[in-house]
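The following report describes a protein chain from its overall fold down to individual residues. Please keep the sequence and the coordinates in view while reading.

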Amino acid sequence: MSLNKVMLIGNVGRDPEVRHLSGDSVVARFPLATSEKFKTRNGDLQEQTEWHNIVCWRALAELTEKYIRKGSRIYIEGRIRTNSWTDKNTEEKKYSTEIVADSLIFLDSKSQSTPYNSQENNSRPTYNNSTSNNNSKVDNSQDTGIADDLPF
């Protein structure tokens, strides 16, 4: 058994690049910055930023195109995918690592949020790109209590 799962909270580094492919497929790509603050041995506060290449497909890509802009704060769940190819000029093997998003949550304040965040309660909408469910909006307003049954 194996697991390939990534959870990130960060800020979008630039407006998404969206492509409409044949067969009504849509793909969106954008960088996401996550930051970590820590103290050095000398007691100085340091901040380290990691950049992640995010890829969204289908309905998630369409939502990305409509609502995500540079600076948007989002939560992403997805999986790591590494691509490799041979450079035609140098014959060198090249690699790129990206996060394929399965779901996302908009974390911006209500005044800046999407129309999908117009629910009466304060829960934020979750968008899921699961192939087993054609509905891209998942209602996360009810607590199922499943976490209470976990043995750890």
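Contact here means heavy atoms within 4.5 Å. The model is a predicted one, in which local features need pLDDT of at least 70 and side-chain atom pairs count only at pLDDT 80 or more, whereas totals for chains, interfaces and linings use all residues. Residues are numbered from 1 along each chain as its sequence is written, and side-chain values use heavy atoms, with hydrogens and water left out.

**Fold and surface**

One helix and eight strands make up the secondary structure, taken from DSSP runs (helices H or I, at least four residues; strands E, at least two) and numbered from the N terminus. Along the sequence they follow the pattern β-β-β-β-α-β-β-β-β. Of the contacts with a separation of 6 or more, 51% join residues 24 or more positions apart. The protein exposes about 10800 Å², with carbon and sulfur atoms supplying 45% of this area, as computed by the Shrake-Rupley method with a 1.4 Å probe. Buried residues account for 30% of the 152 residues, where buried means under 20% relative accessible area, exposed over 50%, and partly exposed in between.

A nonpolar core is a set of buried Ala, Val, Leu, Ile, Met, Phe, Trp, Tyr and Cys residues joined through side-chain atoms within 4.5 Å. The largest such core has 18 residues, and those with the most contacts inside it include Phe30, Ile54 and Cys56. At least two residues of this core come from each of E1, E3, E4, H1, E5 and E6. Beyond its neighbours within four places in sequence, Cys56 is in contact with Val26, Val27, Ala28, Phe30, Ala61, Thr64 and Ala101.

In helix H1 (residues 58-67), Leu60, Ala61, Leu63 and Thr64 are buried. They lie on the same side of H1 because they cover an arc of only 160° around the axis, the arc being that of the directions from the helix axis to the C-beta atoms.

**Aromatic pair and backbone**

The structure holds one aromatic pair, for which ring centres must lie within 6.5 Å, with planes under 30 degrees apart counted as stacked, over 60 as edge-to-face and the rest as tilted. The rings of Tyr67 and Phe106 have centres 6.2 Å apart and planes at 80°, so the pair is edge-to-face. Tyr67 in H1 and Phe106 in E6 are 39 residues apart in the chain.

Most residues other than glycine have a negative phi.

Key
Buried < 20%, exposed > 50% of the residue type's maximum accessible area, 1.4 Å probe, protein only. Phe/Tyr/Trp six-rings, centres within 6.5 Å; stacked < 30°, edge-to-face > 60°.
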